Amino acid sequence: MSFEEMWAALLPVGRDAGTGGYHRFAWTPPELECRAWFLDEARRRDLAVERDRNGNLFAWWDPDGTRGGAVLTGSHLDSVPGGGAFDGPLGIVSAFAAVDLLRERGVRPARPIGIAAFAEEEGARFGVACLGSRLLTGAISPERARGLRDRDGRAFADVIAEHDLDPALIGPDEDLLGRVSCYVELHVEQGRALAEPVGVASAIVPHGRWRFGFAGEGNHAGTTLLEDRRDPMLPFARMVLAAREAAGRHGTLTTVGRVEVVPNGVNAIPSEVTAWLDGRGPADDAVRRTVAEVHEAARDAAREHGVAVELAEESYSPVVDFDTALRDRVAAALGGAPVLPTGAGHDAGILAARLPTAMLFVRNPTGVSHAPEEHAEPADRLAGVEALTAVLGDLAGG
Ligand code: GLV
Ligand code: MN
Ligand code: MN
Ligand code: MN
């Protein structure tokens, strides 16, 4: 299947006909369909398929005579709610296309080449981004992962057990990591930072997710006097504004993109509001100070309104500076390319703790991501495939 045919097969999967946004949450039918697509593409190419104990998928090209650790590439197939077509799948489709090009050009790699599809990269279902790569590398404990719950209250352990994974066996996989020498992830660029078709990543900025729980008293909207209310919506509203103000003070980025209200009725004062804060910034201390100030504002407002507030850190990823030797080698294989940091998280950032890791970015003319308008022009996608082909050919010593 050609590059564009692979795209055509994937494009309808999990796409909302109204908005054009994708809903491919880990272990739900659209994501399982993407996994089946991955396995078909691998088998079509005679690549050896493997699903690791954490539910990550791999396709290995390991012709006779290869030696040493594999060069791993890939990305993820899951999406945020209402996400774009390219965030994740571009890296995987490009990887299959790069293997095709290497073969067409008669390249015989000296090292194995692997293509990975990491599970639950967005954390859209169980709350922790890069869950598959975190488990693989030991960046999250199996106990904590087993207990993560989705919006319907279903535990990660129970969901993966339905897909023939043993929840008792999830966790670090030294055997698999030991078979890999480096990881190179191709990804659509997610802002307005890249003016050329292809760039190379320098770093991922610190980022994390915090859950604020506000607990008040549910009551009737028409009979409860203002002075009798303990309305959690009010400190929540203050917290949203405080997040924006603190970001302005510290040069960080804050987002409150998810909120749950109990009981969520027009004519009921809520009893509980839960809100998730996404915080990112150029340095750990700026992000930490931002979150501390948001917490303080939320506490003050909660006290004023007779509401209890609780804060839990769901995940935190410190700055990742990608391996400079690998980055320079990747840039050299491309004959030079712009080098840029990113505010988006990736499995490459998690794997960087264990392996030399690099990323290629493909230009996004809309500058929009995590939304249907995310885009990469066909010519730039091809430039990405050529770039990945050059990098894999170089690193695998073909
Ligand atoms: C994932 O794409 C993230 O950066 O949140
Ligand atoms: Mn994403
Ligand atoms: Mn992504
Ligand atoms: Mn991501």
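Leaving aside its neighbours within four places in sequence, with which residues is Leu 388 in contact?

## Cores

Apart from neighbours within four places in sequence, Leu 388 is in contact with Thr 73, Ser 94, Ala 95, Ala 98, Leu 186 and Leu 360, where contact requires C-beta atoms, placed from the backbone, to lie within 7 Å. Leu 388 and Leu 360 are also, together with Val 330, Val 391 and Leu 392, the members that touch the most others in the largest nonpolar core, which has 90 residues. Helix α3 (residues 89–104) gives the largest share of this core, 9 residues, and a second, separate core of 21 residues includes Phe 214, Val 273, Ala 275 and Ala 302.

A nonpolar core is here a set of buried Ala, Val, Leu, Ile, Met, Phe, Trp, Tyr and Cys residues joined through C-beta atoms within 7 Å. A residue is buried if 20 or more other C-beta atoms lie within 10 Å of its own, exposed if 12 or fewer, and partly exposed in between. Helices (H or I, at least four residues) and strands (E, at least two) are DSSP runs, numbered from the N terminus.

## Basis of the model

This is a predicted model, in which local features need pLDDT of at least 70 and side-chain atom pairs count only at pLDDT 80 or more, while totals for chains, interfaces and linings use all residues. Residues are numbered from 1 along each chain as its sequence is written, and chains are lettered from A and ligands numbered from 1 in the order in which they are written.

## Domains

The protein chain is divided into domain 1 (3–205 + 319–395) and domain 2 (207–317), with bounds that come from an automatic or database domain assignment. Their C-alpha centres lie 33 Å apart, and the contact takes 8 residues from domain 1 and 9 residues from domain 2. On the side of domain 1 that touches domain 2, the residues divide into 4 nonpolar, 4 polar and no charged; Ala, Val, Leu, Ile, Met, Phe, Trp, Tyr, Cys and Pro count as nonpolar, Asp, Glu, Lys and Arg as charged, and the others, Gly among them, as polar.

## Strand pairing

Two strands pair if DSSP finds at least two bridges between them. Strand β7 (residues 207–215) pairs in the antiparallel sense with strand β11 (residues 272–280) over 9 bridges, and Phe 214 has Val 273 as its bridge partner in β11. With strand β12 (residues 308–317), β7 pairs in the antiparallel sense over 9 bridges, and Phe 212 stands opposite Leu 311.

Strand β6 (residues 198–204) has 5 of its 7 residues buried, so it is largely enclosed by the rest of the structure. An antiparallel pairing of 3 bridges joins β6 to strand β15 (residues 357–362), with Gly 199 partnered by Phe 361. The pairing of β6 with strand β14 (residues 339–342) is parallel, over 3 bridges, and there Val 200 stands opposite Val 339.

## Backbone exceptions and ligand surroundings

Most residues other than glycine have a negative phi, and most peptide bonds are trans. Trp 27, in the loop between α1 (3–10) and α2 (29–44), has a positive phi near 65 degrees and counts as buried because it has 21 C-beta neighbours inside 10 Å. Asp 164 also has a phi near 65 degrees, but counts as exposed, with 8 C-beta neighbours inside 10 Å. The peptide bond from Val 262 to Pro 263 is cis, with omega near 5 degrees.

The residues around ligand 1 are Glu 122, Ala 129, Ala 344 and Gly 345, each with its C-beta atom, placed from the backbone, within 6 Å of the ligand.

Conventions: Contact = placed C-beta atoms within 7 Å.
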